[in-house]
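Trainee: I would like to learn how to read strands, helix packing and backbone geometry from a set of coordinates. Could we go through one case together?

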Amino acid sequence: MDRQSRIVLRERSTLPTYWLTRFMILRLLGIVYAVAFLVAINQLVPLIGSNGLLPVGSYLNQVSAALGSAGAGFMRLPSVFWLWHSDTALLTVAWIGFVLSLVVVVGYANAPLLGVLWFLYMSIVHAGQDWYGYGWEIQLTETGFLAIFLCPFLDMRPFPKRAPSTIIIVLFRWLIFRMMLGSGLIKLRGDKIWRDGTALYYHFETQPIPGPFSRWFHFLPHVVLKVGVWFNWLSEMVAPWFIFWPRIGRHIAGVIIILLQIVLIFSGNLSFLNWLTIVPALACFDDGFWAKLLPRRLVRKAETAAGNAPEESVTRLTMIWIVASLIAILSIQPVLNMLSPGQVMNTSFDPFDLVNTYGAFGTVGQERLNVVFEGTMDDTTGNKANWKPYIYKDLPVLLDKMPPQIAPYQPHLDWQMWFAAMSTADQYPWTYNLVWKLLHNDPGAVGMFGGNPFPSQPPRYIRAVLYRYHFAKPGNPKRLYWTRERIGDWIPAVSENDPQLIKFLQYEGWVK
């Protein structure tokens, strides 16, 4: 080897490498994809199937009519379901996505495989309506799109021939920067209890689906909860600015951001949001960091791959710069949104959800409202009737039941009913369809609850009651986890012969 070659090799060896970073990003992304597609396998048919609460066929017809054609609908909401949207299609897409996700989890990924995963999940999001309107859904499509270009085109090995592109790693950092800063700004501009440091006095009790440790967090001393708010500010308003700093600043920022996500994982059930947020945060670290944490066997493989890697091809480098330029252009509107006093959160500005704006809990509720569906076989509909509740799988109903740990899995009905409880049934019209299905013991609808209180025959009447829930103090004599008070009927008692209910469902096209 001549002197010039040794100098080049020495210079290359001192640059940060990201072989282990890519390995970690893809493994965790594969896990998130697998969970997301598993949720789809179990819930898509009862939610948006042909007999679901919001049938996808009707939705696509409405979009097509509003935009003028199915082609225009596809350009606005790209999805494979424009071609085929039967129940079989829904399950086929979900199962293909789940199997391919497992391939990524065990260590094998390339650009086409990740491209398929991205398009399949985007197809679900664009057809999912209310059920898939959460920020982490478009966050997964954006993260999944970037991951396509983190891999070689064909080589699927965990440590392939081609090195991961530093440009794509920087784009992952740009993603976590926008996610964290967007969340911080929406809180700063939103609820004053974030600004005065009292938000966590309420958050753990009023969050969508509490977890088994949520009550413990809720009853921590107020001074500790205020410290938690300030750590949140550190993670969302300070740490993001260090993501693009030299190595030590970037590592500290990444650790702070990931620590916040770990706390949130243990303190509640926020679907796969926190797991997914960790994915781009991993781009804050290089192989020198990972070499101290990961098994020596993996480190040696990364070192061997790095030592044998050829120079980046002109074709691939050109493609990466095209992607970077596209992301830069599409970032203009999200950045303007972040800077705007009227900032909105969890919004997409392009049909493919490539660059989005994010935020969470800009407002924190100070009371927990729960809607509980109840049924009776009695002839009367008064409070003297024997009303039996439909127990959600994860949303609180029974006062002596500890909330389960369900995240990163997401029960979509439970999440939507958390939102619905803060509004009226008319603002969530599919709840009337749910009532109708419960009146007929529809297997799909009943299956979204933890059990069926009327297994032999359908109830005569169904109602939905609004309650206010509070955590019961630990160590109470009755060993209750919750206390509650009845506020009133959210949906008054109805039967399957109720003319107003039937007329409304016919108008919506949910019954004939």
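Trainee: Which residue in β6 does His470 stand opposite?

Mentor: Please keep in mind throughout that this is a predicted model. As a general idea, strands of a sheet pair through backbone hydrogen bonds, either parallel or antiparallel. In this case His470 stands opposite Thr483 in β6, and the two strands concerned, β5 and β6, pair in the antiparallel sense over 9 bridges.

Trainee: In what order do the strands of the open sheet come, and which are the edge strands?

Mentor: The open sheet is formed by 4 strands in the order β4-β3-β5-β6, with antiparallel pairing. Its edge strands are β4 (388–389) and β6 (482–494), each of which pairs on one side only. Helix α20 (residues 430–439) packs on this sheet and touches β3, β5 and β6, while its direction makes about 85 degrees with that of β6.

Trainee: Over how many bridges do β3 and β5 pair?

Mentor: Strand β3 (residues 368–376) pairs with strand β5 (residues 461–471) over 9 bridges, in the antiparallel sense.

Trainee: How should I read the two faces of a strand, and which residues of β3 lie on each side?

Mentor: In a regular strand the side chains alternate between the two faces of the sheet. For β3, one side carries Arg368, Asn370, Val372, Glu374 and Thr376, the other carries Leu369, Val371, Phe373 and Gly375, and all of these are buried, so that both faces are covered. The count for β3 is 9 buried residues of its 9. In β5, 9 of the 11 residues are buried, so this strand is largely enclosed by the rest of the structure.

Trainee: Turning to helices, at what angle do the axes of α12 and α13 cross?

Mentor: Two packed helices are described by the angle between their axes and the distance between the axes. Here the axes of helix α12 (residues 222–238) and helix α13 (residues 247–267) come within 9 Å and cross at roughly 130 degrees, which makes α12 oblique to α13. The crossing of α12 and α13 is left-handed. Phe231, Asn232, Leu234, Ser235 and Glu236 of α12 make the contact with Ile256, Ile257, Leu259 and Leu260 of α13, and these residues divide into 6 nonpolar, 2 polar and 1 charged.

Trainee: Why is α8 described as roughly parallel to α18?

Mentor: The axes of helix α8 (residues 166–189) and helix α18 (residues 332–339) come within 9 Å and cross at roughly 25 degrees. Because angles under 35 degrees count as roughly parallel, α8 is roughly parallel to α18. The crossing of α8 and α18 is left-handed. On the α8 side the contact is made by Trp174, Arg178, Leu181, Gly182, Leu185 and Arg189, and on the α18 side by Val335, Met338 and Leu339; the residues of this contact divide into 6 nonpolar, 1 polar and 2 charged.

Trainee: What should I look for in the backbone, and where does Ser271 lie?

Mentor: Most residues other than glycine have a negative phi, and most peptide bonds are trans. Ser271, although not a glycine, has a positive phi of about 55 degrees, and it lies in the loop between α13 and α14. Arg479 is another residue other than glycine with a positive phi, near 55 degrees, and its place is the loop between β5 and β6. As for the peptide bonds, the one from Ala407 to Pro408 is cis, with omega near 15 degrees, and Pro408 is located in the loop between β4 and α19 (412–420).

Trainee: Is Ser271 buried or exposed, and is Arg479 buried or exposed?

Mentor: Ser271 is buried, with a relative accessible area of 1%, whereas Arg479 is exposed, with a relative accessible area of 73%.

Trainee: Which residues is Asn274 in contact with, leaving aside its neighbours within four places in sequence?

Mentor: With those neighbours left aside, Asn274 is in contact with Gln261, Leu264 and Ile265. Asn274 is found in helix α14 (residues 273–281) and is buried, with a relative accessible area of 2%.

Technical notes: Residues numbered from 1 in each chain as written. Predicted model: local features only at pLDDT ≥ 70, side-chain atom pairs only at ≥ 80, totals over all residues. Heavy atoms only, no water. Buried < 20%, exposed > 50% of the residue type's maximum accessible area, 1.4 Å probe, protein only. Contact = heavy atoms within 4.5 Å. Axes fitted to C-alpha atoms, helices over the stretch in contact; angles between N-to-C directions. Parallel < 35°, antiparallel > 145°, perpendicular 65-115°, else oblique. Left-handed = near helix turned anticlockwise from the far one by under 90°. Nonpolar A, V, L, I, M, F, W, Y, C, P; charged D, E, K, R; others polar. Pairing = 2+ DSSP bridges.
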